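Subject: Structure handover

Hello,

Here is the structure I said I would pass on. My notes on it come after the coordinates.

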Amino acid sequence: MKKLLKIDPHTHSNGISRCSHVTCEQIIEQKQAAGYDGAVLTNHCQEWYYPPEEHKKYIRSVIEEYRRGKAYAKSRGFRLMLGLEVTLNEPHYADWLLYGVTEKFLRATPCLYQLTQKQLFELCEKHGVLLVQAHPYRQSPCAPEYMHGVEINCSPTDLDKVEQVEAFAKAHGLMITCGTDYHGAFNPYHGGMLVPASVKTATDFAAHLRAAAKTTVFMEEDEKTYLAPRFL
Ligand SMILES: [Zn+2]
Ligand SMILES: [Zn+2]
C-alpha cells in the first residue's frame, strides 16, 4: 500500500493571525518534528483586522506570508498549502475554512468577511473551492445546503464535540475535515488528515477530497474514514 501523507489543514502563523504564537517557519519545523508531511496555512480574514476597502492589500499580505512559508517549506521537503479562514456574521457568527484557493482566486475576491454564507458558498462553488465550517459546535452549524463540510477541530475545548460533528455531517451527506487549529506548541494534539502523495497544492487537496467523496482523518492513534454522499 502506498504511504499516505499526514497533513494539518488548519494552522495560523503570527505574521497574519494575531492570535498565533508561531511564525510560518516554526509551524513547519514543529509540524515536521511531530511527523506531519504538510499543512494548510489558514490565516484569519475577519472584520476587526482591517476595513473593507483594504481587503486587496490584506490579501497581498496573506499571500506574501504564504510565499515566505512556502519557500522555507520547500527547502525542508514539507508541503505548505494556501488556505484562509474567513469569519462571517450571516446567518450568524461563524468561521469558514477555504480549501482549494489559489493566489489568483484570493486576489480577485471582494471583501470576504462582508459576504453571507450563501454568497461565500456560491463564490467557492464557482471556483472549485471547498467551504468547510470550522469547529461548528463552538457556535452552532449554519445552513448545510451552503457548505461542503464541517470540521473536527482538535483544540482542547472542541474534542468533546466530535460526535456532534459526525452526526451533523451524516445527516446532510457532508464532508468531515480534521485539523488542530494550530496557534503554537501549546496545542501538541496529533490530529489531521491522510492524503495521497499526489496532493501537493491546495487545489490538489480540494480536488482529491471532491473526487474521493470521502475523507480519512487521524486523531492521535485512531484513523477514521468518512463518506460524503453529497459528492458521489
Ligand atoms: Zn486564531
Ligand atoms: Zn482557526
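This is a predicted model: local features need pLDDT of at least 70, side-chain atom pairs count only at pLDDT 80 or more; totals for chains, interfaces and linings use all residues.

Residues are numbered from 1 along each chain as its sequence is written, and chains are lettered from A and ligands numbered from 1 in the order in which they are written.

Overall

The protein has 6 helices and 11 strands; these are DSSP runs numbered from the N terminus, with helices being H or I of at least four residues and strands E of at least two. The C-alpha atoms fill a box of roughly 50 × 40 × 30 Å along the principal axes. Of the 232 residues, 44% count as buried. Buried stands for 20 or more other C-beta atoms within 10 Å of the residue's own, exposed for 12 or fewer, and partly exposed for anything in between, with C-beta atoms placed from the backbone. Among contacts between residues at least 6 apart in sequence, 69% join residues at least 24 apart; a contact requires C-beta atoms, placed from the backbone, within 7 Å.

Strand β5

On β5, 6 of 6 residues are buried. Ala94, Trp96 and Leu98 cover one side, and Asp95, Leu97 and Tyr99 are on the other. Leucine 97 stands opposite glutamate 85 and has valine 132 in β6 as a bridge partner.

The loop between β4 (79-88) and β5 (94-99) contains proline 91. The peptide bond from glutamate 90 to proline 91 is cis, with omega about 5°.

Helices α1 and α2

Helix α1 (residues 24-33) packs against helix α2 (residues 55-75) at an angle of about 35°, the axes being 9 Å apart. Axes are lines fitted to C-alpha atoms, for helices over the stretch in contact, and angles run from 0 to 180 degrees between N-to-C directions. Cys24, Glu25 and Ile28 of α1 meet Glu65, Arg68, Gly69, Tyr72 and Ala73 of α2.

Single residues

Most residues other than glycine have a negative phi, and most peptide bonds are trans. Aspartate 181 has a positive phi, near 55°. This residue sits in the loop between β8 (175-179) and β9 (191-195) and is buried because 25 C-beta neighbours lie inside 10 Å. Alanine 213 also has a positive phi, about 55°, and is located in the loop between α6 (202-212) and β10 (214-219). Alanine 213 is partly exposed, since 15 other C-beta atoms lie within 10 Å.

Glycine 128 is in the loop between α4 (117-126) and β6 (130-133). Leaving aside neighbours within four places in sequence, glycine 128 contacts Gly100 and Ala206. Its C-alpha atom is 8.2 Å from that of valine 101, 27 residues away along the chain.

Regards

Note on methods:
Two residues are in contact if their C-beta atoms, placed from the backbone, lie within 7 Å. Two strands pair if DSSP finds at least two bridges between them.
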